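Have the model open while you read.

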Amino acid sequence: MKPGSWGSIWLVYFYSILCMASIGKLVPIEADIERAFNTTPAGVGFAISIVAVSSAVGATIGGGIIDRVGPRLAIIVTSVIIVGCNLVSFFSTSMFVLDAARLVEGIEFIGIIVAAPALIMATTTGQRQVRAMTLWSTYTPTGYTLGLLLAVPFAGTLAWRWTFIVHGALFAVAALLGGMLPEIPRSAEELPSSRRVRFADLFSIYREIQPWKLSISNAMLVSIGLGTSTVVPAYFARTHHVSVATSSSIFAVANVAMIAGGLGAGYLLARGTRTIYLYIAITLGGMASGFLLYAPWLTFSFAISALAGWLLTTGAAVAILMALLPKVVKDPTRGGAAAGLLGQVMAFTNFVTPPLYLSILSKQSPLPLVALVLSGWIISLIFLPAWRQARALPETASAVRS
């Protein structure tokens, strides 16, 4: 495919949603895993979250390596590895084996989730880059939903393990399609001349302030989003007297609002809307919907409306941050390290978020949850990089690659 074409952008998006499906696919078959391996819900929860370990430890240095070997090769090799991980999961006979397979499977959040935006940044410009990055930002709700859909037909049956076969088969197709991904051309002059310089350069992103600011802004936003996703089903069940299954289903359907928010933000940015003004408006909307989300005096229907508003604003805010990612890198052909730092900081916050929110939920009062939501939005706004700059698009927005 031609570099920067919409075909290549959609193909990168396909890889990304397959990665996020790795998390969603275990949720419907949680009870089956518990029965098969005689484990607890906490044990399955660990199997779900362990995929984040790789990115928490090595996303930044992994991004630096991807900048050298190229995103295309990284995506193809990672896809093949994930096929093997799914086969191991299918034949696993204990939680130890399943957890080991999941730990290795987590490499996809470096080899694909870090490589994907790096490839988009290196092959697009102007309006197309903004729209491509905001589209890519919606991979989380789309991929999570895909994971649920992959597992639902097998959940509660003797064929529950086939969830891994289907996911692995999709990654096998993805690996074969990898030859269609564009390759970033590199000249010999671009490469450092010594091993010592190459190794040191892998850590150079840690010395750049703008990627750090974007990573912290994104981590705060993702943290309050993950925390809300963790506790809202139980909070709705307790406050509005509905079943956890009902509130969980509503939450899954409402994720469409998050995708709409991301695409809407991409449209506004591509039209030249000032980034800071848009982010302030979204922050105010997110704080208001987050406050109403935990308001015990609202009726259930109003609470669902607040949930939709919450997901709409968080989806839009994440899209804006992803659109800013190409602007915080010094060289658009080497965005892997910045994307890696973004993923690494996010992975660290994701480790502590669920237990923090669950411990607060057990205290009965929603006020601490509201405080976390409001402070998360404010910190995210404060750390928004280069917020005084005029527009999200460069003046040469017409220079878009076809």
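The points below take the cysteines and then the cavities.

1. A word on the basis: this is a predicted model, where local features need pLDDT of at least 70, side-chain atom pairs count only at pLDDT 80 or more, and totals for chains, interfaces and linings use all residues. Residues are numbered from 1 along each chain as its sequence is written, and side-chain values use heavy atoms, with hydrogens and water left out.

2. There are zero disulfides here (a disulfide being a pair of cysteine sulfur atoms within 2.5 Å). Cys-19 is buried at a relative accessible area of 0%, and Cys-85 is buried too, at 5% (buried means under 20% relative accessible area, with a 1.4 Å probe and protein chains only).

3. I get two cavities of 30 Å³ or more. A cavity is a set of points, on a 1 Å grid over the protein atoms alone, where a 1.4 Å probe fits but cannot get out; lining residues have an atom within 4 Å of a point.

4. The largest cavity has a volume of about 40 Å³. Its lining includes Ser-137, Pro-141, Met-258 and Val-318. α14 (244-270) and α16 (300-324) are the elements giving two or more residues to that lining, and α16 gives the most, with three. The lining splits into four nonpolar, four polar and no charged residues.

5. The second largest cavity comes in at about 30 Å³. Ser-8, Ile-9, Val-12, Leu-119, Ile-120, Thr-123 and Pro-182 line this one, with α1 (6-24) and α8 (115-123) each giving two or more residues.

Key. Buried < 20%, exposed > 50% of the residue type's maximum accessible area, 1.4 Å probe, protein only. 1 Å grid on protein atoms, 1.4 Å probe; cavity = no way out; pocket = protein on both sides within 12 Å on 5 of 7 lines; lining within 4 Å. Points joined across faces, edges and corners; volume = space filled by probe spheres on them. Helix = DSSP H or I, 4+ residues; strand = E, 2+ residues; numbered from the N terminus. Nonpolar A, V, L, I, M, F, W, Y, C, P; charged D, E, K, R; others polar.
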